[in-house]
Each structure stands twice: as C-alpha cells, then as structure tokens.
Amino acid sequence: MQNIVPMTRHALELRPGQHLALTPQLQQSIRMLQLSTLDLEAEISQALAENPLLERDDNPAPDDIDANREGSAHEDEPPPERETPVDEMPGAKGVYADEDGDMPEAARGETLREHLLAQLALTRAGRRDAALVALLIDELDENGYLGSPLEEILAWLPAEVEADLDELRAALRLLQSFDPPGIGARDMAECLALQLRHPDAEALPEAADPTVLACARAICAEHLPLLASGNQARLREALLCDDATARRARALILKLDPRPGRRWTVPAADYAIPDVIVRKSRKGWQVVLNSAAMPRLRVNHIYAQMLGNQREGGHSALHAQLQQARWMIRNVEQRFDTILRVAQAIVDHQSAFFSQGPSAMRPLILKDIAGELGLHESTISRATTQKYMLTPFGTMELKDFFGAGVATESGDTASATAVQAFIKRLVAEENRAKPLSDNQIMLKLAEQGIVIARRTVAKYREALRIAPASVRKAQASAR
C-alpha cells in the first residue's frame, strides 16, 4: 500500500488596501497655518515667481472670489469678513510693508526652514521619509525646538497616512543631524546634549579632553538644575569629579547655544502687524480679518481658459501648475478662515478682557477652543503662534490669551495672566525704598482672594522680568 504524502501548495494573495502619502497639498495646508504673516508673504512671493498661473488680485470682484474658492472645503461658507485697509494701525508693533504695500526684500534673509530644507535635499532620504522630516521642520519653534511631542504630531496626522511613532523618531534623528547642532531638540537638556555629540574642537577646545566632555554630557543629561543653582560642591559630588574638571565642564556648557534657531529668527515685535482686528459692535466684540495682512490671489484667467480648451493636449506641466495655484489659493483662504474662527472663539471666552483689561483675563487652554470648534489642539496651537490681534490694549499675540487657572477663595478661578497683572500693579505701586518681597506679594494677593504659593509668585514675577526685592532695593538706592 502506497502512502500518500500531502503537498503544501504556495500561492500569492493580493489584498486591496489604502495607503495615503503625505501629499504636497496636505504638507502645504499644515505649513500655511504654521507660518507667520511675514513668512506667508515670503512663501507666496516665491510661488508667484515660480508659477505663471498664479497672480495677485488687488481688486477682487465677488465672482472672482467665488471662482477662487472652487474646490475648497468651505465652498458653502461666505468669504471671511475683512477689515477695510488702513495705512497705519494704532497700537501695532510695527508695519513692515513699504509705500507700495510690498515686503522689503532686503530685510529678509534665509529662514531656518529654508536652511534645513536645503540640507534635507542633499540627503538620500526617500520621498516619504523626506516628507516626514519636512513636517517636523514646520513644527520647530523660533528657537529651533520641536514644538509638539511626537505622539501629538502622530495623533493629528490623517489615519490614512499610516505613519507610526518609529517613523517619526527616525525622521527626528535625521533632522537632529542637521546644522545648526541642537536643532530639533525637545528640551534644553537634549539641545545641549546634541551639541556635545560631535563637538567642534576649534570652537570648543574643552571638549578635546574626554573626561571633561563626559562630565559635560552627564551634566546636560541629569544635572542641569544643579548647575543652574551654582552649588559647585554638590555638583562635584554628583559627578564624582574634581573641581578643575567640573569647572571646565561648566565652561564648555556655557559656550553652547541653548537656542540654536534664533540666528534665523526675525524678531516678531519688529515686523508684526495684526492678522485680525477686534471692534465693538451691537452684538458685542467682533473679530474681522485685517486686509493689510491677507494676500489676495487668483488663477490667471487667460492661461486657465487656454488649458480648459486643450485638456487633451501636451500641457501636463501647466495643468500641474494650475492645480498648484488652486491649492495655494484654497490653503491661504483656509488658513485665514481658521485664524478668524479661532480668534472669535478666543474673544468670546475673553470678552471681559476687552472691556476691563488684563486683570479680567479668564483661564483658557487650547483644549477649550479645540473642543468648541471641533479641531485638534495642535491646529489651535498653529493658528495662535505668531498670529496677532489688535485690541483696545494694543497688539497681542493670540497665545497671550491662554493661561491656566488659579483658584480663589470664592471657589472661582483667575487666569495666570490676571494674577500677573495684579503682581505688576503691586510692584509698580510699591515703596521703592522698601520693595515687596515675594512673601508680601503672596499675602496681598490673598487679601484679594487669590491664594497661591510663594514659589508661584516668584515664577510669575520672573515671567514678568521683575527683579527680586533685594535687587529692586539696590537699584533704587543706586538712583
């Protein structure tokens, strides 16, 4: 009897699935919201120079506005309300347009983003990896730090992208290998540690000694608060090193740059004009877009008509530029629409501030606005970073309206901004010969029903750049 041996059969199986890449449109939409008004103008100027189908529209007609909004996610919504043009904003921190309304090219050099993207272009990273690195570059703050945790960035990416945390970590490692050293760090300790990973022997001669370098790395990793305290004895004990080595390690760290992105940063206060303006109406405080900060764009009608008549012709490059022009217009409009919605929500929450001033500021966090508008917290963060509002009390960054709550005796809460306003007023009214200590300020706040710890008073005082009582007393004596 013959045994029959079963045979394993191999087969190929095709499983359909969706995998969405980080498209240029998605990247551009995210980046547009992140950009300041100055950077947005630079981005648009570059697009205008490269794309003949995109042009400025200085006097848009209603029909043109509707045509430009074709394909937008907000087709059924009316165009965002604009403020009438103004030549000079009262309370603005600075007007950067020249007499013709154009940006001064000489005032702008290479941005940090451009510097990093140029390096990215020289790597061998694949398109998907390069797109993730570019996404992280757009998340960097003005000092070169990563503004959001990787987990948060992953959370707001569309699920169809199918990115994972390991991919983002790999992208961050690549970004952190770029110039300047320390770029892409998530905190100061990591920033300094990155600069000590491959130190420049000429700029940092102390790093030539392996013992000193190891000591400096240990300080950055675990003992920065101890270094800041100035207690050399405890620092030596923690490091198990001699005094000379500890001092050289300290000297090495002091030569590092805790804000590696600042050399590319244009001070916002020198260039910022309001993105939105708040004005009183019968319905209360209302927000309108500042037309001086909002570029008007349109598709070149002649080119668009020619391409519409020759869709089957050999004009694929122009068709691509037409699509890019529409993306640009839609993403710019979506950017300002989001800023307007966020700004109005902030004003609704902080209406007392606009009537009474900083002392009436209420506690507000990003999560509050995100939940109300149905947006992610990271979107609210982008829409409020380097975006400015003209208020009755001057031009303020939208970020200034957010702050945690401080408990009061009545069971209510006061915002950190309001508490700081109280502290600032107390110091301004104090006897200069006998300035108030943090403990005395704490007691005076308690009389107002605001109960906070002395160390919290010190934190708020430092945030206001107010010197301690002993220093204020010495300054008064010197006068």
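Modeller: Let's start with angles: those under 35 degrees count as roughly parallel, over 145 as roughly antiparallel, 65 to 115 as roughly perpendicular, and the rest as oblique. The axes are lines fitted to C-alpha atoms, for helices over the stretch in contact, and the angles run from 0 to 180 degrees between N-to-C directions. Helices (H or I, at least four residues) and strands (E, at least two) are DSSP runs, numbered from the N terminus.

Colleague: And what are we looking at?

Modeller: A predicted model, where local features need pLDDT of at least 70 and side-chain atom pairs count only at pLDDT 80 or more, while totals for chains, interfaces and linings use all residues. Residues are numbered from 1 along each chain as its sequence is written, and side-chain values use heavy atoms, leaving out hydrogens and water. The chain has 22 helices and nine strands.

Colleague: Now H19 and H21. What makes them roughly perpendicular?

Modeller: The axes of helix H19 (residues 416-429) and helix H21 (residues 454-463) come within 10 Å and cross at roughly 80°. That value sits in the 65 to 115 range, so H19 is roughly perpendicular to H21. Ala416, Val419, Gln420 and Ile423 in H19 meet Val457, Tyr460 and Ala463 in H21. By class, that contact has six nonpolar, one polar and no charged residues.

Colleague: How do you know that arginine 472 is buried?

Modeller: Buried means under 20% relative accessible area, exposed means over 50%, and partly exposed is in between (1.4 Å probe, protein chains only). Arginine 472, in helix H22 (residues 469-478), has 10%, so it counts as buried.

Colleague: What makes its meeting with glutamate 430 a polar contact?

Modeller: A polar contact is a pair of N or O atoms within 3.5 Å; within protein, one must be able to donate a hydrogen and the other to accept it, and residues adjacent in sequence count only if both atoms are side-chain atoms. The side chains of arginine 472 and glutamate 430 are joined at 2.9 Å, and the arginine 472 side chain also reaches the backbone oxygen of alanine 467 at 2.5 Å. Proline 435 is another residue that arginine 472 touches; those two are 37 residues apart in sequence but 6.8 Å apart in space, C-alpha to C-alpha.

Colleague: Why is glutamine 176 called buried?

Modeller: Its relative accessible area is 7%, which falls under the 20% cut-off, so buried is the word. Glutamine 176 lies in the loop between helix H7 (165-175) and helix H8 (188-195). Its side chain has a polar contact of 3.1 Å with that of glutamate 190. The loop between H7 and H8 also holds proline 180, which is joined to aspartate 179 by a cis peptide bond with omega of about 5°.

Colleague: How do you know that the buried residues of H11 line one face?

Modeller: In helix H11 (residues 232-239), the buried ones are Gln232, Leu235 and Leu239. Down the axis they fall within an arc of 60°, so they line one face; the arc is that of the directions from the helix axis to the C-beta atoms. Exposed Arg234 and Glu237 are on the face turned away from that side.

Colleague: Two last ones. Which exposure class does leucine 240 get, and which does glutamine 386 get?

Modeller: Leucine 240, in the loop between H11 and H12, has 77%, over the 50% mark, so it is exposed. Glutamine 386 has 25%, between the two cut-offs, so it is partly exposed. Leucine 240 has a positive phi, near 55°, and glutamine 386 has a positive phi of about 55° although it is not a glycine.

Terms used. Contact means heavy atoms within 4.5 Å. Ala, Val, Leu, Ile, Met, Phe, Trp, Tyr, Cys and Pro count as nonpolar, Asp, Glu, Lys and Arg as charged, and the others, Gly among them, as polar. Lists of a residue's contacts leave out its neighbours within four places in sequence.
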